[in-house]
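Biologist: Please take a close look at one part of this model, the patch of charge on its surface, and then go on to the strands and the backbone.

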Amino acid sequence: MIKGLSSATTVEITQYFELRRLTATILCAGMGVAGLMASAPVLAYSSIYVFGDSLSDAGQFPDSELGGLNTLRFTNRLGPDHDTTPYGQIATQLLAKELGLSVVPSTSIVRDQAGLPDGTNYAVGGYTTDQILASITQEGGSVVQAGTPFDRSKDGYLVASGGVADSEALYYVNGGGNDFLNGLVTGPEGAVGAAHTLADAVNALAEAGASTIMVANLPDVGKTPAGQAAGPAQAAGTSALVEIFNDALGQRLAALDGSVDIIRLNTDGLMAEILASPGEFGFADDVPLDRVCFDGACNITPYGQGGAQEDPDKLLFNDGVHPTTAGQHVLGDYAYAMLAAPGVLGLAPRLAVGALDATQHGLSNELRPGAQVEGVRVFATGSATEGSEHGRRSDSRESLDSTQRGAGVGVMLPFGHGYGGVAVSQRYGEFDLDNGSDLDVEGQVFSLFARQHLGPVGVQAVASYGDFALDLDRHVRLGKSSRTLSGDPDGDGFGAEVRVDYRLTDSDSLWYTAPFMAYRHVEADIDGYREAGSAANALIVSSQDLKERRVELGFMADRGLMDGYGLYAEAALGEHLGDDPKAAEVRLASLPSNAWRADDMERDSDHYLRVDAGWRMQLGENGMLHLGAGAETWDEVAAHFEVGASLAF
């Protein structure tokens, strides 16, 4: 048992909360109002702070059945018997796990009695919006078990922190359900007042320095078992008040747009999608999910506790207002997907930049001295680059596989002290993410290029313009279900490279060996767009741009055709110049009041080593075949291959 608390005491605690739950249901039935609180990636956050009610409560109260360090959470117990086992995890705990963080109760009676440190989850079952605000801003404002002999209280978060919020942390805020349950919301004025109080809590965190705040709206509590039990007319009245609450909350949050990242969670819309297609989420589709539950007065199906097919995962609600662990998993996945989205979608400009980079690299190979002839040369090329990246996105631990492929044709002709020409290529690029997201680009790149020899000095330049169409499929896991959100924006880009080398061999030598220095500038712009798909998940994505600059120092060796073959090789050390990609700015299409973005993505290293080698073979009198391969590496490896053929006139 818990140190300092007898078995009878812990039983009394649990009975007290069961009484509050029953009272809430009775209030709901009599007044036509009910409450379902929205429950609540990633290593970029220092910690996660949670403020809310029972759907975010990670275990402030003792578990009287199991004792010890076990705590009460407002969901079902785990299997196999769902009776003498611990409670499952709730959405904020699942979210923290995805982020590689822990979220421990802030004012836990159990942890206090056991001498364990407090945590950062200030959410407490039964809290109204006034109490949520107090848990942030008031002395002694974090109170557990208020009104019973077993109180514990401590200062609110900002009081304890000296009025400063950790700007590197993630903050999660939900609430409003208990304002309905406790009879504090009986009309529009009360709904607006409760929403404004919750917004005050968000404002307090923002003013103290919080930079990323996740805010859940209130689901349609008229479509919970408790709400439905009140009858159709009262349930409709509840739904109308919830809509007023959510509208008022959104209007207040809109004032923070642009000054802090507010991540809106449309838990109302998500709940509607589940109820519309329960089978897709693994729930039973042969019972009315909004009227039945696993444990309590609404336990009237074979899937309920003690039923012939007992299985809480088949039901959305554990009791009249709280989700089962299956529902919590959907909510946790949903929150994580919103955090991860800007980093995933922020990869789009890199697809276009990659296409331009590959084009520039291929044309540099065509400009090599050993490939040139005295007359006009027409060439065709094909290339592919394959690579993988791990941990480069600050908002996701998932890796990705990258592909760039292309084919092009061009013409080279002599002029001045060298040669130049034009080329056009068709490019295709893809990022395939571990989470199932698939981002594609396709388009055409048009290029001008030239090389001139001024004594031992060689100078070459390549300029390219690309016109692209993107197909961006973002995959979202939602418990046992998933959604794919699609966007098809257009984009374009420009690339230019200048390279200078100094020949060490004689001008009449078959070999051309030279140290060189190169600078490349590539930039891409992607139009804004709105994702198609799930209304609760779809995002509005702002236009994006990316500039990549790099410089190289290296050495090249090139042997012209002799006895029917030639070859080349070069190695270079490169440096990226302050061009780390940016995460996309997004806003929820169904709740567009606020925009957010993840931390900008960072390379593991700005340095890289590039090596290239190739072989040429003469075909007939005027033809030539070219095969090449190479790699760019430091922390990650990208290998590229190319094949080309040319005909001289």
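Modeller: A residue counts as buried under 20% relative accessible area, as exposed over 50%, and as partly exposed in between. The model is predicted. Asp525 has a relative accessible area of 36%, so this residue is partly exposed. Asp525 lies in strand 16, which spans residues 511-526. Asp525 also belongs to a patch of negative charge on the surface, together with Asp467, Asp471, Asp488, Asp490, Asp527 and Asp545.

Four strands make up an open sheet, ordered 17-18-21-22, with antiparallel pairing. Its edges are strand 17 (529-530) and strand 22 (591-596), each of which pairs on one side only. Two bridges join strand 17 to strand 18 (residues 539-541) in the antiparallel sense. Arg530 stands opposite Ile540 in strand 18.

That leaves the backbone. Most residues other than glycine have a negative phi, and most peptide bonds are trans. Asp563 has a positive phi near 60° and is placed in the loop between strand 19 (544-562) and strand 20 (565-576). Its relative accessible area is 69%, so Asp563 is exposed. His82, also not a glycine, has a positive phi of about 55°. His82 sits in the loop between strand 3 and helix 2, and with a relative accessible area of 13% it is buried. Pro80 is found in the loop between strand 3 (71-72) and helix 2 (91-98). The peptide bond from Gly79 to Pro80 is cis, with omega near 10°.

Conventions: Residues numbered from 1 in each chain as written. Predicted model: local features only at pLDDT ≥ 70, side-chain atom pairs only at ≥ 80, totals over all residues. Heavy atoms only, no water. Pairing = 2+ DSSP bridges. Patch = residues over 30% accessible without salt bridge, like charges linked within 9 Å, V, L, I, M, F, W, Y side chains within 5 Å. Areas by Shrake-Rupley, 256 points an atom, 1.4 Å probe, with all protein chains shown as cover. Salt bridge = Lys/Arg side-chain N within 4 Å of Asp/Glu carboxyl O. Lys, Arg positive; Asp, Glu negative; His and termini not counted. Charge placed at Lys NZ, Arg CZ, Asp CG, Glu CD. Buried < 20%, exposed > 50% of the residue type's maximum accessible area, 1.4 Å probe, protein only.
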